[in-house]
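Visitor: I am new to this model. Please show it to me and take me through it in order.

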Amino acid sequence: MQIIKDRKIVEDNWLHLDDEAADLVLGDVTVTLERWQAEHESLLKHDGSLGIRLSGDDPIEEMVPDLDKFKLIVLIFPAFTDGRCYSFARLLRDRYDYKGEIRAQGDILHDQLFYMTQCGINSFEMANSHRLVEAMAAFDDFSESYQTTVLKPDPLYRRR
Amino acid sequence: MYQYDNYDQAMVDQRVAQYRDQTRRFLAGELTEEQFRPLRLMNGLYVQIHAPMLRVAIPYGLMSSRQVRKIADISRRYDKGYVHFTTRTNFQLNWPALETVPDILAELASVQMHAIQSSGNCIRNTTSDQLAGINANEIEDPRPWCEIIRQWSTFHPEFAYLPRKFKIAVIGGKEDRAATKLHDIGLHLVKNNEGEVGFEVLVGGGLGRTPILGQQIRPFLEKKDLLSYLEAILRVYNRLGRRDNKYKARIKITVREHGINHIRELVEAEWVHIREQLELDDKEIERVKKHFTEPDYDGTASDDESFEKMQAEDADFAAWVKQNIVEHKVAGYKAAYISLKSPTAPPGDVSAEQLDIIADLADEFSLGEVRSTHNQNLLLSDVKQGDLYALWCQLKSNNLATANINTLTDMICCPGLDFCGLANATSIPLAKEITDRFDDLDYLYDLGDIKIKMSGCMNGCAHQSVGHIGILGVDKKGEEWYQFTLGGSSEEDASLGQRLGRAIPKDKVLETVETLIDVFKDLRHDDELFLSTVRRVGVDPFKERVYADN
């Protein structure tokens, strides 16, 4: 499928494995935190890149020691009104210094892309994938932010 | 007052463009009602019974005369020629057309105003004390801090989709005219033992279905740490606040369920990490403070003798002075309340023509500024005593000199069933009944300060649970009934009212208020205030008399 990554529309080949899917497939796969915790030894032997899927309920602090195992962290937005993962993204970037891809997945309005980007999310797997071109415009909704953000670690008041 | 620079202006202008496009997409069918809803809410637009309602932010209640004229102009061109001021010092347009809202927002942006985050589950407009900067009892002017918070909270990328709305109020001293204990975060400027000024931080206050008073999370916070501490509280709340039940989603419930001590531990642990990154430097504090410097007051203002003379000559003027004028820290200056609780309009409403006049009067008599208050009135903050009579004459001839501040008819009242989609019961017509019954001003003055707060439903927009007399409309099998509470307060002695007894039918509400006042008169010691009497004798004597007949 097509996703937005680093402000470009790209073809994406990650496979998001259900917990029920018994066997690992070839290629790049993501798993839930639960599965990672249960099967991390076998997962580490997987031939391909690993990613993890997190929702707002997951205790992200617990997986900090494992962060370097993942090329991708998928943050799940079950509803566009559920803002917990905005804080997760900031913590992953600011506090835990995660440099890999952070992807938003689920119920995402393209009007949220600007805020998500400020929080450190750099790819977007949107339900309305046919409107990706239109959604890209939202990255430029605002030319500045008052706050400390992942993109501009100094708040505006230190720059004005 | 604060003036936008290019950064501030660009953000507001870009917001208008963004919302214009969102509205276009909604009208073109590209956004569903459900998808459009949070977007319009974050721009202050509700959909009510009759029409959309647009709530516009007035940051900490401060307006220039130019902005007041613009508000009047907008209400004439896009609405029905009047606006409604709210308890959080914002104003509302009750009849704008959804498709014209982007134009209204563009008009507002042209005078450095906006409707950003005036609704939705985000950080709302920061409120303050209407006497900020002119009150001799304050430790420091809270307004620069409000502006610093306004900027930090505007478009905060992490906190746009909180579990529920989030309100912050800041006051400059002990006196609380901003109901800070009923806010998600209340900030009090305080002095510590070393004589340094900082903030006492309260968290977890709120009204609505479950009224709770805020609790102290930190007794003293250094000013430079303000934003990092706020950010730490918000981050803890964003992660921990309940999202399964919107009636349990406010931070007051988070604090109640986890306990203030646990919340404090979490906040402090978070704060350690971000303290340095968000530290406010002196340069920024000074930059903002420069917008709130003291004006050039006239040192000869107190030489005037006409103020005393005119009070002696004109009893109506004297009554207005006694009720609507408050002291100013500078000798010879006063602050004058313009009551928006006249008998002829719903509480908080003011017409476009009146707004134009108020703007002119502000220019002529009060340094060109107007303030809106938590009690839904307006204030001219810097009037020379020698100008008060001339000001009063003009206010009077425009039906703006109702001398009832803090009296029983200075009610807080929500729009109720007449406008609001959530309400179970009417409130405005009952407010009118009460106002008509208590129209004898001398009688009102004898009764002293009595705060009636009346809401048309459990959401409690009129803060009935902290009214000296609280009245809450409830629906009983399709009929409107009213639940009374007594003894609440939103001020420095904040308390929640106690229930009087079972609900009262609509046609007995006025009679019940009269009975409560009669009991008060019987039990009152000398000039004792209503709230003091209730606190001294409890609700029982009131209850006995109100329910005596049945």
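Guide: Helices (H or I, at least four residues) and strands (E, at least two) are DSSP runs, numbered from the N terminus. The model is predicted: local features need pLDDT of at least 70, side-chain atom pairs count only at pLDDT 80 or more, and totals for chains, interfaces and linings use all residues. Residues are numbered from 1 along each chain as its sequence is written, while chains are lettered from A and ligands numbered from 1 in the order in which they are written.

Visitor: How many helices and strands are there in chain A?

Guide: Read from the N terminus, the elements of chain A follow the order β-β-β-β-α-β-β-α-β-α-β-α. The count for chain A is four helices and eight strands.

Visitor: What is the radius of gyration of chain A?

Guide: The radius is taken over C-alpha atoms, and the globule rule is 2.2 Å times the number of residues to the power 0.38. For 160 residues that rule gives 15 Å, and the value for chain A is close to it, so chain A is as compact as a globular protein of that length. The C-alpha trace of chain A spans about 50 × 35 × 25 Å along its principal axes. The radius of gyration of chain A is 16 Å.

Visitor: In what order do the eight strands of the open sheet in chain A lie?

Guide: Two strands pair if DSSP finds at least two bridges between them. Strand 2 (8-11) and strand 3 (15-16) of chain A each pair on one side only, which makes them the edge strands. The pairing in this open sheet of chain A is mixed, and the order is 2-1-8-7-6-5-4-3.

Visitor: Which strands of chain A does helix 2 of chain A lie across?

Guide: Helix 2 of chain A covers residues 84-95 and runs at about 160 degrees to strand 6 of chain A. The strands of chain A that helix 2 lies across are strand 5, strand 6 and strand 7.

Visitor: Is A:Arg159 buried or exposed?

Guide: A residue is buried if 20 or more other C-beta atoms lie within 10 Å of its own, exposed if 12 or fewer, and partly exposed in between, with C-beta atoms placed from the backbone. A:Arg159 is in the segment after helix 4 (132-136) of chain A. Because A:Arg159 has 9 C-beta neighbours inside 10 Å, it counts as exposed.

Visitor: What share of the residues in chain B is buried?

Guide: Chain B has 18 helices and 20 strands. Its radius of gyration is 23 Å, close to the 24 Å of the globule rule for 550 residues, so chain B is as compact as a globular protein of that length. Of those 550 residues in chain B, the buried share is 54%.

Visitor: How far apart are the C-alpha centres of domain 2 and domain 4 of chain B?

Guide: An automatic or database domain assignment supplies the bounds. For chain B it gives domain 1 (6-109), domain 2 (143-289), domain 3 (304-397) and domain 4 (412-546). The C-alpha centres of domain 2 and domain 4 of chain B are separated by 31 Å.

Visitor: Which residue of strand 2 of chain B is the bridge partner of B:Leu45?

Guide: Strand 1 (residues 45-47) and strand 2 of chain B run antiparallel, with three bridges between them. A hairpin through four residues joins the two strands of chain B. In strand 2 of chain B, the partner of B:Leu45 is B:Leu54.

Visitor: Which helix supplies the largest share of the side of chain B that touches chain A?

Guide: In this contact, 29 residues of chain B meet 26 residues of chain A. Helix 1 (6-27), helix 2 (33-41), helix 5 (143-153) and helix 6 (226-240) of chain B each supply at least two residues of that side of chain B. The largest share, six residues, comes from helix 1 of chain B.

Methods:
Contact = placed C-beta atoms within 7 Å. Axes fitted to C-alpha atoms, helices over the stretch in contact; angles between N-to-C directions.
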